[in-house]
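Here is a short tour for someone meeting this protein for the first time. Keep the sequence and the 3D view side by side while reading.

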Amino acid sequence: LADRLLAGVAGMGPVVTGKFLFLTAQAFVQAVMIFVAAQAIYGVEVLQHLALWLPTTLAAGVCSAGVALGLVSLCRTRDQAQMLSTFVILVLAAIGGSMAPRFLMPAWLQNLGWFTPHAWVIDAYQAVLWRDAGIEAVYKAWIVLVAVGAAGLILAQALSRDPQR
């Protein structure tokens, strides 16, 4: 099927874009479910901060979709994709503060964490939901997250056009 799509006029571009949009929507729905539970069980004030929560969540979804497609496009087999993505995501999560709070890490590791999307997402959600900050505290995170997602999509689009892959 991939060979037929690649031979067509549009090629694999629309398939990759469709997958990107699906993954973004899936990430958004998952985040909604997580934060619905957080509000219901723990009293996190999501609805009160909906105006900043929504774009933060959308940016996080774009980033996760782009990173996923970018990583998968680098691989030739499903096993390679699974191994690479698991390794990369676990390393990024550890450095970015998803496994342990970044303030407990040494200063050099805290600074290194800013090279991960995890740190940006966590900081944005904390700014919106915990510190009750405004848009000036989260717009940089939105830019970084969307840029990382776009870079992953561009990489996936470019590699999907390569007939050798």
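Start where a helix stops. Helix α2 is followed by G43, whose phi is positive, near 75 degrees. This is a predicted model.

**The chain as a whole**

The protein chain has seven helices and zero strands. Read from the N terminus, its elements run α-α-α-α-α-α-α. The C-alpha trace spans about 50 × 35 × 30 Å along its principal axes. The chain has 165 residues, and 38% of them are buried. Its accessible surface comes to about 10100 Å². Carbon and sulfur atoms account for 70% of that surface. Take the contacts between residues at least 6 apart in sequence: 63% of them join residues at least 24 apart.

How far apart are the end C-alpha atoms of α2? They are 42 Å apart. The helix has 30 residues, which at 1.5 Å a residue should span 44 Å, so the two values agree. The buried residues of α2 are G13, V16, F20, L23, T24, A27, A31, F35 and A38. Their cover includes α3, α6 and α7.

Q26 is also found in α2. Its relative accessibility is 35%, so Q26 counts as partly exposed. Q26 and G61 are 35 residues apart in sequence, yet their C-alpha atoms are 7.9 Å apart in space.

Helix α7 has 22 residues. From its first C-alpha to its last it reaches 31 Å, close to the 32 Å expected at 1.5 Å a residue. Its buried residues are A141, W142, L145, G149, G152, L153, A156, Q157, L159 and S160.

In soluble globular proteins, nonpolar side chains tend to be buried together. Here the largest nonpolar core has 23 residues. Which of them touch the most other members? They are F35, W53, Y125, L129, V138 and L145. The elements that give two or more residues to this core are α2 (13-42), α3, α4 (78-96), α6 (117-130) and α7 (139-160).

Y125 deserves a look of its own. Leave aside its neighbours within four places in sequence. Y125 is then in contact with A31, F35, W53, T56, T57 and W130.

**The surface**

Now turn to the outside. L47, L50 and L54 form a nonpolar patch on the surface. Together they have about 250 Å² of accessible area. L54 lies in helix α3, residues 50-73. Its relative accessible area is 35%, so L54 is partly exposed.

Side chains of opposite charge can pair when their charged atoms come close. How many salt bridges are counted here? The count comes to one salt bridge, taking a side-chain nitrogen of Lys or Arg within 4 Å of a carboxyl oxygen of Asp or Glu. D123 forms a salt bridge with R131, and the closest N and O atoms are 3.4 Å apart. D123 is partly exposed, with a relative accessible area of 23%. R131 is partly exposed as well, at 42%.

**Two loop residues**

C75 lies in the loop between α3 and α4. Is C75 buried or exposed? Its relative accessibility is 14%, so C75 counts as buried, the cut-off being under 20%. C75 and V88 are 13 residues apart in sequence and 13 Å apart in space, C-alpha to C-alpha.

D132 sits in the loop between α6 and α7. Most residues other than glycine have a negative phi. Phi of D132 is near 55 degrees, a positive value in a residue other than glycine. At 56% relative accessibility, D132 counts as exposed.

**Accessibility at a glance**

The table gathers the relative accessible areas given above.

| Residue | Relative accessible area | Class |
|---|---|---|
| C75 | 14% | buried |
| D123 | 23% | partly exposed |
| Q26 | 35% | partly exposed |
| L54 | 35% | partly exposed |
| R131 | 42% | partly exposed |
| D132 | 56% | exposed |

How values were computed. Residues are numbered from 1 along each chain as its sequence is written. This is a predicted model: local features need pLDDT of at least 70, side-chain atom pairs count only at pLDDT 80 or more; totals for chains, interfaces and linings use all residues. Side-chain values use heavy atoms; hydrogens and water are left out. Patches are made of residues with over 30% relative accessible area and no salt bridge: like charges are joined within 9 Å, nonpolar side chains (Val, Leu, Ile, Met, Phe, Trp, Tyr) within 5 Å. Accessible areas come from the Shrake-Rupley method with a 1.4 Å probe; for residues, only the protein chains shown count as cover. Helices (H or I, at least four residues) and strands (E, at least two) are DSSP runs, numbered from the N terminus. Buried means under 20% relative accessible area, exposed over 50%, partly exposed in between (1.4 Å probe, protein chains only). A nonpolar core is a set of buried Ala, Val, Leu, Ile, Met, Phe, Trp, Tyr and Cys residues joined through side-chain atoms within 4.5 Å. Contact means heavy atoms within 4.5 Å. The expected span of a helix is 1.5 Å times one less than its number of residues.
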